[in-house]
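I opened the model to look up a few points of its secondary structure. My notes follow in the order I took them.

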Amino acid sequence: MQFIETRGNDGQRPLCVPFSDAILNPMSSFGGIYVPESLPQLGLPFLQAHLDSDYKTLARAVLDAYEIDIDADVIDAALSCYDDFDDPSDPVPVVRVEDDLYVSELYHGPTRAFKDMALQPFGVLLSSLAQSRDEHYLIMAATSGDTGPATLETFKNRANVKVACLYPDGGTSDVQRLQMVTEDADNLKVIGIHGDFDDAQSALKSLLSSETFRAKLKEKQTHLSAANSVNFGRIIFQQIYHIHSYLELVRQGAIELGEKVYLNVPSGNFGNALGGYYAMKMGLPVMKILISSNSNNVLTELINTGKYDLRERSVIATSSPAMDILKSSNVERIFYDLYGAERTRELMLSLDNEKHYELTTEETARLQSIFSADYCDDKEVNRYIKQAFDKGYLMDPHTATCFKSHDSCREKALKSIVYSTAEWTKFSPTIAHALTGEVDTHDIDALKSISEVADTPIPTLISELFDKPIAQGAVIDKENIENEILAFL
């Protein structure tokens, strides 16, 4: 499988690259990113063959279909990361909450968020590649809360790799922040910035595309890569759980094999939704992908109107902070697939330079044939959290946004798979407020309150965070990011 560029080729780079090169050097010509030259066609025979497969067997089959240039023993080592999830035999439980609504729980890994599904194996792949080439890499990550902890966890103490992780100071939950700033491995650097996630992601993309920064890294015998979902090494693993979740509905007798479903995804940077889109293109029976947002509803506006306009917008702090994002990187990969490289480059450069673009009527119609979208404000989030709890299900605020889309976006009475991206422990003050009316509660107090009300234990991985010393205290202006990283190296 070869990978090509979303914005076309500049004449300076290869026309196509293998998977290993795409994940080691994820940025492409004109500031674009990599996509597969074609997608494997899996179809119903593939699904039938894997009805009884466990998660790792299914994952291996999907990766084999991509024919990636990674040694088999490295792939096996990467997939063995799922053995450290809560239940190695079922790392992604799928739970029925309503007759037509099933929740795929993607948060049973070490950092209690869905980013572990991709970043745990990704860390093994990238570190192994670096070692096999006898090269050293700086892995950059920008986080709205979950990518950071998962990146640090997967790369800590790995050979030939250092990590610089950027997060918006004050823009994450306490638990998310503690998961980052208590990491003390020598190869990790955590940097809080004065700004929001879009500032962190813009800084990351700028440094990834900067020849000057690369030259400075070369002086230190260091190459540059990224752990954000601009890296297709993340996306390839995010397709697998969509297929697994569908098969789980078949196994539970909720649907017949071949019956279509809705995939309902809380969307910030659009990587989770992109994984569902690729699974759909490969043959998964999907009616539509529902895009669920919070009050930072640029994706709702894009899908419903064809307009993406940031000229009068700034990030709104919400109770679902992992989606407090205005520039969603993976929309670019959807556009490439639907409209081609030239149009994608035109749209993305317009957003970069003019802060807006508008699709044609025909382009909007193509987008709407695949996606529907709605958004959920904080009051509605609280209501959906309480309603689900009263039915016996405890969920986080990002998952709650999907319950709104489930009610508002389905055109047919088909089953819906909601993707739960974080455990309740990551956002306990919001959940405590929804369940008990508590306000301004510190995370540790909210955790205890929910634990008592829901009669569920606080996982040790979370409770022990509050006793760990702070190892990463840097909080800086975004203009100083490059110097801070170079000093770390």
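I looked up what lies over the buried residues of α20, and the cover includes α7 (174-181), α19 (428-436) and α21 (460-463). I took contact as heavy atoms within 4.5 Å. Helices (H or I, at least four residues) and strands (E, at least two) are DSSP runs, numbered from the N terminus. The buried residues in α20 are D443, A446, L447, S449, I450 and S451. Buried stands for under 20% relative accessible area, exposed for over 50% and partly exposed for in between, with a 1.4 Å probe and protein chains only.

Provenance. This is a predicted model, so I note that local features need pLDDT of at least 70, side-chain atom pairs count only at pLDDT 80 or more, and totals for chains, interfaces and linings use all residues. Residues are numbered from 1 along each chain as its sequence is written, and side-chain values use heavy atoms, with hydrogens and water left out.

I found 12 residues in α20 (residues 443-454), with 16 Å from the first C-alpha to the last, close to the 16 Å expected at 1.5 Å a residue. The expected span is 1.5 Å times one less than the number of residues. D455 follows α20 and has a positive phi, near 55 degrees.

I traced six strands in the order β4-β5-β15-β10-β11-β14, with mixed pairing. Two strands pair if DSSP finds at least two bridges between them. β4 (94-98) and β14 (371-375) are at the edges with a single partner strand each, so one side of each has no neighbour in the sheet. From one strand to the next the twist averages 25 degrees. Axes are lines fitted to C-alpha atoms, for helices over the stretch in contact, and angles run from 0 to 180 degrees between N-to-C directions. I counted four bridges between β4 and β5 (residues 101-105), which pair antiparallel; R96 has Y102 in β5 as its bridge partner. Helix α12 (residues 271-282) lies across β10 (261-266), β11 (286-293), β14 and β15 (416-420), at about 175 degrees to β11.

β1 (residues 2-5) runs antiparallel to β2 (residues 17-18), joined by two bridges, and F3 has V17 in β2 as its bridge partner. β1 also pairs antiparallel with β3 (residues 34-36) over three bridges, where I4 stands opposite V35.
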